[in-house]
Amino acid sequence: MDDTPLIQLNGVSRFFGSKTAALDILRQADLTIQQGETIAIVGASGIGKSTLLNIIGTLDKPDEGSLLFSGEQILGYNDEKLAAFRNENIGFVFQFHYLLQGFTAVENVMLPGLISRKYRGKSKKTIEKHAVNMLERVELGARIEYRVEDLSGGEQQRVAIARALAMSPALLLADEPTGNLDQKNSSAVHQLLKELNREMGMTIIVVTHNSDLAGLMDRKLTFKDGKIVPV
Ligand SMILES: Nc1ncnc2c1ncn2[C@@H]1O[C@H](COP(=O)(O)OP(=O)(O)O)[C@@H](O)[C@H]1O
Ligand SMILES: [Mg+2]
């Protein structure tokens with residue numbers, strides 16, 4: 001197998017506020033993540049966890065430094081190319097699920113596939129079949145035609161995970177995915193993430209306050225003096 005790292009951040013800085021009174025979340029930080037690794041990003045609120053996740057997910061751009069994805073310099077892409085790249089390669093799960101209300105579970109999970117049709121030309125039937133498979137994978141096979149607002153919080157978060165898996169991304173990014181869930185639903189989501197890594201070799205980066213979830217990951221990272229350091 002190709003041993004090019006999935007993610008390489010080199011000399012990455014991100015400043016907020018004015019240059020003089022700058023809040024430097026990241027200062028010349030480096031990070032290498034291999035394919036198939038599972039990583040927890042931990043630390044106090046406001047320390048920069050979401051900022052880092054958003055930079056890796058190409059939702060935010062660093063002020064300095066480079067981001068390589070499978071060895072490729074992706075920050076130079078124009079917006080359209082970057083959006084297509086993100087849709088195909090990166091799945092996102094947030095604390096709030098951002099599902100489309102009024103649409104069914106399966107329609108929500110089909111959405112990334114439908115968006116990518118322009119590039120990939122898969123049939124709607126194929127996309128639907130895959131979406132159903134992903135919902136079955138998160139144990140929602142009996143809920144595919146439910147409108148998302150009729151599902152419980154734990155079920156909605158599992159729909160969001162199924163949607164993040166819709167394009168079989170190389171990288172799954174989760175920002176406090178169990179922040180809104182009770183203990184039982186949190187455990188189910190933790191198990192699921194770990195299984196997805198095992199079954200599909202999917203690289204997973206999760207921001208979490210939950211020590212159980214952090215403990216399941218291969219490595220725990222936090223921030224110190226603008227650098228990314230092991231815990
Ligand atoms: N777009 C922004 N503009 C200004 N400040 C920001 C912005 N995004 C984040 N910050 C600040 O950067 C710090 C880190 O934020 P964040 O990465 O969201 O922290 P965490 O996810 O660890 O709670 C916080 O102090 C936050 O207020
Ligand atoms: Mg955050």
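How many nonpolar, polar and charged residues does the shell around ligand 1 have? In this predicted model, that shell has five nonpolar residues, five polar residues and one charged residue. The residues around the ligand are Phe16, Leu23, Ile25, Ala44, Ser45, Gly46, Ile47, Gly48, Lys49, Ser50 and Thr51, and the reader can look for each of them in the structure above.

A polar backbone atom of Gly46 is 2.7 Å from an oxygen atom of ligand 1, while an N or O atom in the side chain of Lys49 is 2.8 Å from an oxygen atom of the ligand, and a polar side-chain atom of Ser50 lies 2.9 Å from a ligand oxygen atom. Taken on its own, ligand 1 has 560 Å² of accessible area, of which the protein covers 56%.

Turning to the elements that build the shell, strand E2, residues 23-33, and helix H1, residues 49-56, each supply at least two of its residues, and H1 gives the most, with three.

Six of its eight residues are buried, so the helix is largely enclosed by the rest of the structure. Those buried residues are Lys49, Thr51, Leu52, Leu53, Ile55 and Ile56, where buried means under 20% relative accessible area. After the helix comes Thr58, whose phi is positive, near 60 degrees.

Technical notes. Residues numbered from 1 in each chain as written. Chains lettered and ligands numbered in written order. Predicted model: local features only at pLDDT ≥ 70, side-chain atom pairs only at ≥ 80, totals over all residues. Heavy atoms only, no water. Near = heavy atom within 4 Å. Polar contact = N/O pair within 3.5 Å; in protein donor to acceptor, adjacent residues only side chain to side chain. Areas by Shrake-Rupley, 256 points an atom, 1.4 Å probe, with all protein chains shown as cover. Helix = DSSP H or I, 4+ residues; strand = E, 2+ residues; numbered from the N terminus. Nonpolar A, V, L, I, M, F, W, Y, C, P; charged D, E, K, R; others polar. Buried < 20%, exposed > 50% of the residue type's maximum accessible area, 1.4 Å probe, protein only.
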